[in-house]
Number of protein chains: 2
Amino acid sequence: MPAKVFGSPASSEVARVMTCLFEKDVEFQLIRVDSFRGPKRMPQYLKLQPHGEALSFEDGGVTLVESRKILRHIADKYKNQGNKDLFGPGALERASIEQWLQTEAQSFDIPSAEMVYSLSYLPPDMPLDTGRGGLLPVGGMHPSHRQKMEEMLQRFEKSRKDLGKLLDIYEQRLGEEEFLAGSKFTLADLSHLPNADRLAADPRSARLIESRKNVSRWLYTISGRDSWRRVKELQRPPSAEAPF
Amino acid sequence: MPAKVFGSPASSEVARVMTCLFEKDVEFQLIRVDSFRGPKRMPQYLKLQPHGEALSFEDGGVTLVESRKILRHIADKYKNQGNKDLFGPGALERASIEQWLQTEAQSFDIPSAEMVYSLSYLPPDMPLDTGRGGLLPVGGMHPSHRQKMEEMLQRFEKSRKDLGKLLDIYEQRLGEEEFLAGSKFTLADLSHLPNADRLAADPRSARLIESRKNVSRWLYTISGRDSWRRVKELQRPPSAEAPF
C-alpha cells in the first residue's frame, strides 16, 4: 500500500509533506475532496487558515497529522532512497537540522502564516511594508469591513516586525553557510518553503526577503528545487480561471 | 450528507455526471485520488479508456456506477431544483429524451470513445479524416510501435465511418428541432457533451462535426452552457504544464 496524503496541496502543511515525498522518491496517493454547490465551488480550498489546514498522512498503519512529524517519519523510513541528505548523514548533522526545524515551527511559522493569512484579506494593491505601516483609504468602506481590514493590518504589521527580527538571525546564519543546517539542503530548509515562497511572491511582503541578500539567495536556491516547483504547479487550483 | 462523486473530471463518465449536478444546482463532493511516484506523476489521470473510466456515485445510501443511470437518478431526485427541463416536464417529453439517451449510449458512445482513444495515441500533427484515411510515415518507426499506430488508425477510421452515418441522422433531426428531444436542452443533449466536445476540439476529428451544419450549431450551443464550461475547466489537470 502506498502512503496516503489527505488534503489540498494549497495548504502549507500538505505542500510541506508533498515536497518531502518528492525529494525522497516515495510512492504515494494524494486524496483531495472538493465541495461544490451547483455551479459554485465552495471556497474552502482557498481558505488560508492562520495555523495550517486539515492534513492527514497514513503510511503502513501509522497515521500522523503534524507536518514536521511527518517529515521526520518520511526521512527516517525512506532513508535509503531519494535525497539522502535531507535528515543528515549522522547524529551531529541531525542535531543542527532539528534545531532549525524547531526554529521554523516555533518562531517562523506563526508570523509567516499570519502574514499570508492577513494578505489574503487585504487589497492586493494596498502598499504595505513601506516602513510607515499600511494605510487604509479614508472613506467609502462599511464600518464592519473597515474594522476587519484594520485588524488585518495590525496582524500583518505585528507579524512583519516579528518575522523581520527572526530573519536578521537567518541573514547572519546564511552568510556563514549555504543552507540553514550547513552545506546541504535539508528538512530544515524544506520546512520553510511554503510560507517563505508565498511571502516572496507577493509584492506587499517581498521586501522582507529582498532586503536581506543571504536570505534572498537561499530562498531563490531552495525554491528552484524540482520537488517544490512540482508542488507549486499542483497548488494552482484547476478552476482558477473558471468563468464563475 | 452531500452527494459524492469519486473519480477524475478528465473521465467522460465523471464529466457527464458533474455537468448534470451543476445543471441541477446539487451540492456534492468530488473525491479525487492522484498517484505519484517520487517526482513522477502516475499517468492514470490521462488514460483515456475506450469505454469509460472508474466512476462511483453515492447519494443518500444509493451507490451507482453507470453515468446515464446517475443522470436519471439526479434528474428525478432533484426534480424541483436547478434546470427543471432536463428530464422533460411530462411523460411524452421524457419518452423522447429516453430514446435519445439510449441512442447516445448504444450508438454514439462507442465510436466516439474509440475515436477519442485512438487520437490519444496518434501523432497530433497526423492528417486524419482526409477522405483518404490516415497515412503513416514510411520509415523511422519501431515495428511494434508501427503496429500499434496502424491498429489505432484502423480503429479511428472504422469509428469515424460509423459515427459519420449516425451523425447524418442527427443532422436531419437537428434540422427539425433545436435540441435532440425538442425545443429544450435535456439529458439527451448533455450526455453527448464529453465525447462530442473532444472530437470537435481536435483538428484531426473536427471535420466530422464541422461538415454538418445543424450538428455544429447544436454542439456550439450546448457546449457553451455554464455547467459544461465549468467541467471543462476542471478537466485541465493542474500539473498539465508541470516541468516533469
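Student: In what kind of crossing does α3(B) pass α6(B)?

Tutor: The general idea is that a crossing is left-handed if the near helix is turned anticlockwise from the far one by less than a right angle, and right-handed if clockwise. Here, α3(B) makes a left-handed crossing with α6(B). This is a predicted model, where local features need pLDDT of at least 70 and side-chain atom pairs count only at pLDDT 80 or more, while totals for chains, interfaces and linings use all residues; side-chain values use heavy atoms, leaving out hydrogens and water. Residues are numbered from 1 along each chain as its sequence is written, with chains lettered from A and ligands numbered from 1 in the order in which they are written.

Student: At what angle do the axes of α3 and α6 of chain B cross?

Tutor: Axes are lines fitted to C-alpha atoms, for helices over the stretch in contact, and angles run from 0 to 180 degrees between N-to-C directions. These two axes cross at roughly 45° and come within 10 Å. Angles under 35 degrees count as roughly parallel, over 145 as roughly antiparallel, 65 to 115 as roughly perpendicular and the rest as oblique. Therefore α3(B) and α6(B) are oblique to each other.

Student: Which residues make the contact between α3(B) and α6(B)?

Tutor: Contact means heavy atoms within 4.5 Å. From α3(B), the residues include B:Phe108, B:Met115 and B:Leu119; from α6(B) they are B:Asn195, B:Ala196, B:Arg198 and B:Leu199. The residues of this contact divide into seven nonpolar, two polar and two charged. Ala, Val, Leu, Ile, Met, Phe, Trp, Tyr, Cys and Pro count as nonpolar, Asp, Glu, Lys and Arg as charged, and the others, Gly among them, as polar.

Student: What about α3 and α6 in chain A?

Tutor: There, α3(A) and α6(A) pack at an angle of about 45°, with their axes 10 Å apart. That makes α3(A) oblique to α6(A), and their crossing is left-handed.

Student: Which residues of helix α2 in chain B are buried?

Tutor: Buried means under 20% relative accessible area, exposed over 50%, partly exposed in between (1.4 Å probe, protein chains only). In α2(B), residues 67–77, the buried ones include B:Ser67, B:Arg68, B:Ile70 and B:Leu71. The buried residues of α2(B) pack against α1, β4, β5, α3 and α5 of chain B.

Student: Is A:Phe185 buried or exposed?

Tutor: With a relative accessible area of 5%, A:Phe185 is buried. A:Phe185 sits in the loop between α4 and α5 of chain A. Among the residues A:Phe185 touches, not counting those up to four places away in sequence, are A:Glu23, A:Leu190 and A:Ile222. The C-alpha atoms of A:Phe185 and A:Phe87 are separated by 9.3 Å, though the two are 98 residues apart along the chain.

Student: What is the phi of A:Asp25?

Tutor: Phi of A:Asp25 is near 55°, a positive value in a residue other than glycine. A:Asp25 lies in the loop between α1 and β2 of chain A and counts as partly exposed at 37% relative accessibility. B:Asp25 has a positive phi of about 55° and is partly exposed at 38%.

Student: How many disulfides does the structure hold?

Tutor: A disulfide is a covalent bond between the sulfur atoms of two cysteines. The cut-off used is a pair of cysteine sulfur atoms within 2.5 Å, and the structure holds zero disulfides over all chains. A:Cys20 is buried at 0% relative accessible area, and B:Cys20 counts as buried at 0%.

Definitions and conventions: Helices (H or I, at least four residues) and strands (E, at least two) are DSSP runs, numbered from the N terminus.
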